[in-house]
Amino acid sequence: MPSDPYLEIRNESNKIKSSRDLSPRDERFKKFIEYDKKILRFKGYWDDRSSQYGYLHLLQVRYFLSDDTLEVVEMPEYADEIGRYTLLKKIKLPKGSVSPHLPGQTDEHTVLNLAADFSSMLTDPLNCGRSQITYYTDKDLRLGESINVGGRKVVLYDCDEFTRTYYKLKYDIDYHPFPRPKTDYELSEDSLISINNKLRQLPPYNGFGTFEDSAVNCNILDPLLNPPVQSMRQFLQESG
């Protein structure tokens with residue numbers, strides 16, 4: 001049976017299409033299907049105590065694997081104390097300080113205008129007018145190192161179990177938590193505990209009664225453990 005020229009040309013074109021690499025759009029769609037709803041969660045801090053009224057910000061850095069975007073928010077366990085806020089919305093975070101771009105500089109394709117009246121346009125295959133910007137990826141997020149978030153130095157010191165497993169399987173890296181500086185609230189708690197321990201040291205036993213009875217009497221007189229009860233009626237009567 002003689003071969004059909006149309007079928008031969010069609011088969012050749014199908015082979016060429018199958019051998020081509022995936023387009024950037026297909027690559028993004030494939031990555032979205034594979035990593036949808038998979039997030040790398042890091043714990044970080046931004047020390048702003050050098051400025052007036054600044055404090056140590058405890059943050060959660062979320063890296064979305066589906067589209068390589070970053071989000072930095074206040075850690076949920078500390079949101080009730082200082083209020084929940086978002087330091088960085090979900091965007092692709094560029095490395096270093098990047099100046100604002102003109103419209104079209106960050107687009108995927110560069111359009112060439114071949115006529116003054118915009119009647120003829122052509123897509124530039126080389127993308128000569130596109131500015132090259134490097135963004136943070138999962139390779140750049142390492143414990144003990146910092147990332148630049150709008151000029152703020154955010155140091156990563158811990159991550160969740162899914163993030164540890166991800167880096168172990170993909171990059172063969174074992175992540176272990178790093179120590180972080182204490183917040184002002186934690187420092188005040190430590191100082192209060194040390195003061196309480198000093199105040200609760202019992203005086204020497206004087207021999208009257210048993211040692212346990214003397215210890216109970218001393219603890220009852222501790223103003224930190226048992227503050228005096230105030231009478232509102234007496235306060236109103238004596239205040240005049």
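Me: Where is Tyr-53 found?
Reply: In the loop between β1 and β2. Strands here are DSSP runs of E, at least two residues, and helices are runs of H or I, at least four, numbered from the N terminus.

Me: Is Tyr-53 buried or exposed?
Reply: Tyr-53 counts as exposed, because its relative accessibility is 74%. Exposed means over 50% relative accessible area, buried under 20%, and partly exposed in between, with a 1.4 Å probe and protein chains only.

Me: And what is the phi of Tyr-53 near?
Reply: Near 60°, a positive value in a residue other than glycine.

Me: What kind of model is this?
Reply: A predicted one: local features need pLDDT of at least 70, side-chain atom pairs count only at pLDDT 80 or more, and totals for chains, interfaces and linings use all residues. Residues are numbered from 1 along each chain as its sequence is written, and side-chain values use heavy atoms, with hydrogens and water left out.

Me: Back to β1. How many bridges join β1 to β2?
Reply: Nine, and the two strands run antiparallel. Lys-43 stands opposite Gln-60 in β2. Strands pair if DSSP finds at least two bridges between them.

Me: What about β1 and β8?
Reply: They pair over four bridges, in the antiparallel sense. There, Tyr-45 stands opposite Val-155 in β8.

Me: What is the strand order in the open sheet?
Reply: β4-β3-β2-β1-β8-β7, six strands with antiparallel pairing. β4 (86-91) and β7 (146-149) stand at the edges; each has a single partner strand, so one side of each lacks a neighbour in the sheet. The twist averages 35° from one strand to the next. Angles run from 0 to 180 degrees between N-to-C directions, with axes fitted to C-alpha atoms, for helices over the stretch in contact.

Me: How is β3 joined to β4?
Reply: By three bridges, and these strands run antiparallel. Leu-70 stands opposite Ile-91 in β4.

Me: Which helix lies across β1 and β8?
Reply: α4, residues 161-171, running at about 110° to β1. Contact means heavy atoms within 4.5 Å.

Me: Where is Asp-172, then?
Reply: In the loop between α4 and α5 (184-199). Asp-172 counts as exposed because its relative accessibility is 57%.

Me: How many helices and strands does the chain have?
Reply: Seven helices and eight strands. Buried residues make up 24% of the 240 residues.
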